[in-house]
Amino acid sequence: WTYAFCQIPGGWLADRVKPRVLYAVLLLGWSIATFSLGFAWSLTALIAIRLAIGMLEAPAFPINNRVVTTWFSEGERATAISFYTSGQFVGIAFLTPVLSYVQARFGWQVMFMTTGVMGVIWAAVWYGLYRQPRENRRVNREEIEQIRTGGGLVDLDNQSAKARPKLNWADLRIVLGSRNLWALYVGQFCLTSTQWFFLTWFMTYLVQYRGMGYVHAGFLAMVPFFAAFCGVLCGGLFSDWLLRRGVSVGMARRIPIETPRRDRKSTRLNSSHLGI
């Protein structure tokens, strides 16, 4: 619930704090909270820590969108988004058996501690390596110009708060009145519902109702997420391939996820507004 309610505040925060700093702070906080789950002394503490984890996770995808919009041109954006989106399935797809073994061998507390330590390490790596396009010494002027020409907002992180357009009621009407956006809302609802079933209850089903051991169930639980990893990655690559073949932006983004149909009254969205 905190993850859901903090999405909009998280997006507001991602617009105002540079990704290098914000992501490192959030990763560090999330990792400490995850590590603390191994020491949860009561049900109240367990719930409170879980709520904190959801709150700290919320700005992650808005930050991802901002990084991709800054670094990648229109023709590369779907591939970049597919990489970080499929990344959320990598740990579950490939490390579920490992974590299941850790849980069976050392207890569930050590599993959370291990994940927390890995997060702290990644926070340090991110802060040490990530730079904005103009701050990265490996990027020359030609590459920056290529990104800008292709629609990448290379100067987004350098804009002052005063230079950003203010939100108004007209923006809210677009968000709530666009049929294309409502299609995204419904699709995201269905996707997340399915994902959270496999994330939270599938292991329980295999262990308690099918009588499997944790390690065996861990191998089976990774299958849906491995499929999601492959599907998301291929979808992004396919979308950018269609764009390079001359397909319009709207169709190149829609074809991988739906059966296209003709609708003369439908409106097209500028994909840069959505970070895709």
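I began with the packing of α3: its buried residues pack against α2 (7-16), α4 (43-57), α5 (60-71) and α7. I keep in mind that this is a predicted model.

**Entry 1, helix α3.** I listed the buried residues next. They are Pro19, Leu22, Tyr23, Ala24, Leu26, Leu27, Trp30, Ser31, Ala33, Thr34 and Leu37. Then I checked the length of the helix. Helix α3 covers residues 19-37, which is 19 residues. At 1.5 Å a residue it should span 27 Å, and its end C-alpha atoms are 26 Å apart, so the two agree.

I turned to α7, one of the partners of α3. Thr114 lies in this helix, which runs over residues 108-129. I asked how far the C-alpha atom of Thr114 is from that of Ser31. The separation is 9.7 Å, although the two residues are 83 apart along the chain. Ser31 is among the buried residues of α3. Thr114 is partly exposed, because its relative accessible area is 31%, and buried would need under 20%.

I counted twelve aromatic pairs. I looked at Phe61 and Tyr84, an edge-to-face pair with 5.7 Å centre to centre and 70° between the planes. The pair links distant parts of the chain: Phe61 is in helix α5 and Tyr84 is in helix α6 (residues 74-106), 23 residues apart.

My other pick was Tyr205 with Tyr209. These rings are stacked, at 6.3 Å centre to centre and 25° between the planes. Both residues are in helix α11 (residues 202-209). They are four residues apart, so about one helical turn separates them. I noted the general rule here: an α-helix has 3.6 residues a turn, so residues three or four places apart point the same way. Tyr205 is partly exposed at 34% relative accessibility. Tyr209 is exposed, with a relative accessible area of 65%.

I also found a cluster: ring pairs link Tyr23, Trp126 and Tyr130. Tyr23 is one of the buried residues of α3.

Which ring does Arg20 lie over? Arg20 lies over the face of Tyr127, at 4.0 Å from the ring centre. I noted a second case at Arg105. Its charged end sits over the ring of Phe106, 5.2 Å from the centre.

Notes. Residues are numbered from 1 along each chain as its sequence is written. This is a predicted model: local features need pLDDT of at least 70, side-chain atom pairs count only at pLDDT 80 or more; totals for chains, interfaces and linings use all residues. Side-chain values use heavy atoms; hydrogens and water are left out. Helices (H or I, at least four residues) and strands (E, at least two) are DSSP runs, numbered from the N terminus. Buried means under 20% relative accessible area, exposed over 50%, partly exposed in between (1.4 Å probe, protein chains only). The expected span of a helix is 1.5 Å times one less than its number of residues. Contact means heavy atoms within 4.5 Å. Rings of Phe, Tyr and Trp (its six-membered ring) pair if their centres lie within 6.5 Å; planes under 30 degrees apart count as stacked, over 60 as edge-to-face and the rest as tilted. A charge sits over a ring if NZ of Lys or CZ of Arg is within 6 Å of the ring centre and within 35 degrees of the ring normal.
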